[in-house]
Amino acid sequence: MTEQLKSLTAQLTPDLWWLSVPVIIALFLLLRLLNQRVKHVILKSLTNPVFLSIAIIALLLVNLNLPYTKFASHSQLLSWLLEPAIVALALPLYQQFVHVRKNLLLIVTTCSLGIINATVVAFLLSMIFAVPTQLSASVAALSVTTPITLIVTESLGGIDSLAAALVIFIGLLGALFGFILFKLIKIYNHEAQGVAMGTACHAIGTAAALVEHPKIGAFSSVAMALSALLTAVIVPFLYPILVNTLL
């Protein structure tokens with residue numbers, strides 16, 4: 001049955017790839033509707049529409065033997081819309097600017113400490129598991145949005161494709177479990193939650209923060225933007241020091 005389905009898909013897909021974008025949008029909207037109806041905090045995290053969309057599309061591509069390169073080329077429109085989507089994050093930031101301005105120095109300090117902590121922990125874990133240097137360089141700058149990660153990883157001699165995949169994985173982890181973790185360790189302050197999500201989980205975490213509360217989303221937006229700038233400065237300076245000191 002599965003082979004017959006794969007054969008049928010292979011015959012139909014050349015003419016149906018234009019459906020990629022509407023299918024992805026419809027799938028995401030359905031999953032978002034499902035997520036909005038779920039009230040339990042753990043189930044709400046596990047039904048994150050970004051996570052489920054990626055999981056379902058990945059399963060379809062693998063099980064139906066659909067070529068990813070062709071799928072990606074026909075869904076390029078969504079990739080182009082990422083840039084205006086990032087710009088749109090300025091709206092909640094504008095709405096909460098008074099609160100952000102009062103805490104700007106604290107946010108910059110927290111983002112810097114978060115980046116340093118993530119880089120040092122990743123490096124120490126690389127040492128403990130004795131991974132190759134190229135892999136260690138690939139995980140040095142993962143708490144930031146993908147374009148910055150690719151630039152920093154390339155400058156350190158890491159594997160940019162691996163770094164990009166890990167960045168998305170970390171963002172999904174934050175979106176799935178970030179607010180569960182806040183609840184477990186009793187962090188209810190919206191400013192603290194937003195800065196933590198933006199610093200550690202970049203755009204995917206910020207999207208989850210916007211759903212949770214506009215104020216959390218605003219602080220997550222500014223933390224994400226500052227972390228992008230600070231990572232480009234801190235990690236290329238910090239990583240060589242760690243290599244020369246600890247290896």
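Start by selecting Phe-179: this residue is buried, because its relative accessible area is 11%. Buried here means under 20% relative accessible area, exposed means over 50%, and partly exposed is what lies in between, with a 1.4 Å probe and protein chains only. You are looking at a predicted model, in which local features need pLDDT of at least 70 and side-chain atom pairs count only at pLDDT 80 or more, while totals for chains, interfaces and linings use all residues. Residues are numbered from 1 along each chain as its sequence is written, and side-chain values use heavy atoms, with hydrogens and water left out.

**Stop 1**

Phe-182 counts as buried at 7% relative accessibility. Phe-179 and Phe-182 both sit in helix H13, three residues apart, which is about one turn of the helix. Helices (H or I, at least four residues) and strands (E, at least two) are DSSP runs, numbered from the N terminus.

**Stop 2: aromatic pairs**

Phe, Tyr and Trp rings (for Trp, the six-membered ring) pair if their centres lie within 6.5 Å; planes under 30 degrees apart are stacked, over 60 edge-to-face, and the rest tilted. How many aromatic pairs does a search of the whole structure find? There are two aromatic pairs.

**Stop 3: a nonpolar patch on the surface**

Switch to a surface view and select Val-41, Ile-42, Leu-43, Leu-46, Phe-169, Leu-173 and Phe-177. These residues form a nonpolar patch with about 580 Å² of accessible area together. Patches are made of residues with over 30% relative accessible area and no salt bridge; nonpolar side chains (Val, Leu, Ile, Met, Phe, Trp, Tyr) are joined within 5 Å, and like charges within 9 Å. Accessible areas come from the Shrake-Rupley method with a 1.4 Å probe, and for residues only the protein chains shown count as cover.

Which helices each supply at least two residues of the patch? They are helix H3 (41-46) and helix H13 (160-184). The largest share, four residues, comes from H3. Zoom in on Leu-46, which lies in helix H3 and counts as partly exposed because its relative accessibility is 36%.

Next, click on Ser-45. Is Ser-45 buried or exposed? Ser-45 counts as buried, at 8% relative accessibility. Ser-45 is also in helix H3, and it touches Leu-176 and Ile-180, not counting residues up to four places away in sequence. A contact means heavy atoms within 4.5 Å.

**Stop 4: a salt bridge**

Select Glu-191 and Lys-215. They form a salt bridge, with their closest N and O atoms 3.1 Å apart. The pair links distant parts of the chain, with Glu-191 in helix H14 (residues 190-212) and Lys-215 in helix H15, 24 residues apart. A salt bridge is a side-chain nitrogen of Lys or Arg within 4 Å of a carboxyl oxygen of Asp or Glu, and by this rule the count comes to one. Glu-191 is partly exposed at 22% relative accessibility, whereas Lys-215 is buried at 17%.

**Stop 5: two positive phi values**

Pick Ala-130, in the loop between H10 and helix H11 (133-138). Its phi is near 50°, a positive value in a residue other than glycine, and Ala-130 counts as exposed at 63% relative accessibility. Then move to His-202 in helix H14. His-202 has a positive phi of about 45° although it is not a glycine, and it is buried, with a relative accessible area of 4%.

**Last stop: the whole chain**

Zoom out to see 15 helices and zero strands. The C-alpha trace spans about 55 × 45 × 35 Å along its principal axes. Of the 247 residues, 38% are buried. The chain exposes about 14,300 Å², and carbon and sulfur atoms supply 73% of that area.
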